[in-house]
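This briefing sets out selected structural features for computational work. The sequence and the model are shown first, and the notes follow by topic.

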Amino acid sequence: MEIRALGKSGIHVPVVGMGTWRTFDVSGMAAEKNARLIVNAAFEAGARLFDSSPMYGEAERLLGLSLEGRRDEALIATKIWAHALAEGQRQIERALVFFGGRVDVYQIHNLVSWREHLPVLEDLRTRGTVGAIGATHYSASAFGELRRVIETGRVSVIQIPYNPFERDVEREILPLAAERRIGVIVMRPFAEGRLMRSSPSAHELAPLRPFGVTTWAQALIKWVLSDERCHVTIPATSRPERMRENAGAGSPPWFDAEARAYVSRLAIA
Ligand SMILES: NC(=O)c1ccc[n+]([C@@H]2O[C@H](COP(=O)([O-])OP(=O)(O)OC[C@H]3O[C@@H](n4cnc5c(N)ncnc54)[C@H](OP(=O)(O)O)[C@@H]3O)[C@@H](O)[C@H]2O)c1
């Protein structure tokens with residue numbers, strides 16, 4: 001598994017991490033046991049950046065539980081998702097309990113009230129409670145505002161969607177991120193699972209074998225990570241064996257332009 005610096009944040013991340021939207025918004029003993037198995041599979045496979053948010057219901061709590069005894073091995077990227085400062089403060093207090101008193105990358109979810117939350121996060125970063133500050137948005141309609149946030153120079157990480165179905169970030173966001181040495185976390189490498197509804201045949205995947213890719217999920221992850229402007233991607237899964245499969249795409253050789261174009265064609269076929 002390759003490790004890359006998350007832009008100028010100085011945080012070194014394995015290139016495959018894990019998301020928790022929906023997959024960790026579950027409760028009950030069986031769900032908790034499964035969450036631990038997924039996290040253990042992630043660690044075994046070398047993936048140790050975990051993304052969450054208070055927007056994802058039980059996810060932060062369950063992730064914290066699943067990391068019991070291993071928090072130091074993990075990098076936590078979670079979020080504030082609040083219109084009001086007081087609610088943001090409550091979310092921070094809860095997250096610090098779940099994650100052993102620190103958050104490695106604290107992001108402003110969907111840019112909600114970002115001007116209000118930035119000073120709070122900057123204060124926490126000064127005190128060493130937060131490693132890096134980020135901003136996220138899932139929709140191309142908000143990329144103009146995301147651009148303005150990047151241009152303030154006050155965030156060192158962004159989280160954006162990027163996959164063969166959603167390429168809007170190629171126009172302005174990725175070039176700007178590269179110019180400013182912003183760390184890029186890629187959400188939705190499978191377009192929320194839409195790209196997994198049908199998989200190319202083994203025959204169609206065969207040309208990708210020299211790149212170490214044996215499954216469609218690995219092809220899509222490698223498609224993202226072969227863009228040098230992207231540092232880590234965070235596929236979500238509810239199955240431990242898929243966590244291992246996804247992490248398997250986190251090492252060179254990376255796709256060249258021709259292999260990337262081939263995967264794009266397979267995706268839209
Ligand atoms: N900031 C934001 O606005 C925002 C928005 C969306 C997402 N995110 C973050 O990004 C993360 C990832 O995005 P996402 O969860 O929307 O979508 P995704 O990772 O693109 O896709 C997840 C789906 O892919 C399936 N999957 C995972 N690995 C697979 C494999 N090897 N083979 C076949 N299917 C596989 C999962 O099903 P199974 O569970 O059955 O494996 C799940 O349904 C989220 O969990 C969240 O942390 C952030």
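Predicted model: local features only at pLDDT ≥ 70, side-chain atom pairs only at ≥ 80, totals over all residues.

**Contacts of Arg36**

Apart from neighbours within four places in sequence, Arg36 makes contact with Leu65, Ser66 and Glu68.

- Arg36 is a residue of helix α1.
- Its relative accessibility is 32%, so Arg36 is classed as partly exposed, the class between under 20% and over 50%.
- Between Arg36 and Glu68 the C-alpha to C-alpha distance is 9.1 Å, with 32 residues separating them in sequence.

**The sheet**

- Seven strands form an open sheet in the order β3-β4-β5-β6-β7-β8-β9, and the pairing is parallel.
- The edge positions are taken by β3 and β9 (232–233); each has a single partner strand, so one side of each has no neighbour in the sheet.
- In general, the strands of a sheet pair through backbone hydrogen bonds, in either a parallel or an antiparallel manner.
- Strand β8 (residues 183–187) and β9 run parallel and are joined by two bridges.
- Opposite Val186 stands Thr233 in β9.
- Strand β6 (residues 130–136) is connected to β7 by three bridges, and these two strands also run parallel.
- Ala135 has Ile158 of β7 as its bridge partner.

**Burial of strand β7**

- Five of the five residues of β7 are buried, so the strand is largely enclosed by the rest of the structure.
- Val157, Gln159 and Pro161 point one way from β7, whereas Ile158 and Ile160 point the other way; all are buried.
- In a regular strand, side chains alternate between the two faces of the sheet.

**Helices α3 and α9**

- Helix α3 (residues 85–98) lies across β4 (75–80) and β5 (103–108), and α3 runs at about 160° to β4.
- The buried residues in helix α9 (residues 240–247) include Pro240, Met243, Asn246 and Ala247.
- These four residues cover an arc of only 115° around the axis, and therefore lie on the same side of α9.
- An α-helix has 3.6 residues a turn, so residues three or four places apart point the same way.
- The elements covering the buried residues of α9 include α1 and α8.

**Aromatic pairs**

- Five aromatic pairs are found in a search of the whole structure.
- One of them joins Trp21 and Tyr56: the ring centres are 6.5 Å apart and the planes stand at 45°, so the pair is tilted.
- This pair links distant parts of the chain, as Trp21 is in the loop between β2 (12–14) and α1 (29–45), and Tyr56 is in the loop between β3 (49–51) and α2 (59–66), 35 residues apart.
- Trp21 is partly exposed at a relative accessible area of 36%, whereas Tyr56 is buried at 9%.
- Tyr162 and Trp223 also form a tilted pair, with 4.8 Å from centre to centre and 55° between the planes.
- Tyr162 lies in the loop between β7 (157–161) and α6 (173–180) and Trp223 in helix α8 (residues 216–225), so the pair ties together parts 61 residues apart in sequence.
- Tyr162 and Trp223 are both buried.

**Charges over rings**

- The charged end of Arg22 sits over the ring of Trp21, at 4.1 Å from the ring centre.
- Arg4 likewise places its charged end over the ring of Trp254, 4.8 Å from the centre.

Definitions and conventions. Residues numbered from 1 in each chain as written. Heavy atoms only, no water. Phe/Tyr/Trp six-rings, centres within 6.5 Å; stacked < 30°, edge-to-face > 60°. Buried < 20%, exposed > 50% of the residue type's maximum accessible area, 1.4 Å probe, protein only. Lys NZ or Arg CZ within 6 Å of the ring centre and 35° of its normal. Pairing = 2+ DSSP bridges. Contact = heavy atoms within 4.5 Å. Axes fitted to C-alpha atoms, helices over the stretch in contact; angles between N-to-C directions. Arc of directions from axis to C-beta.
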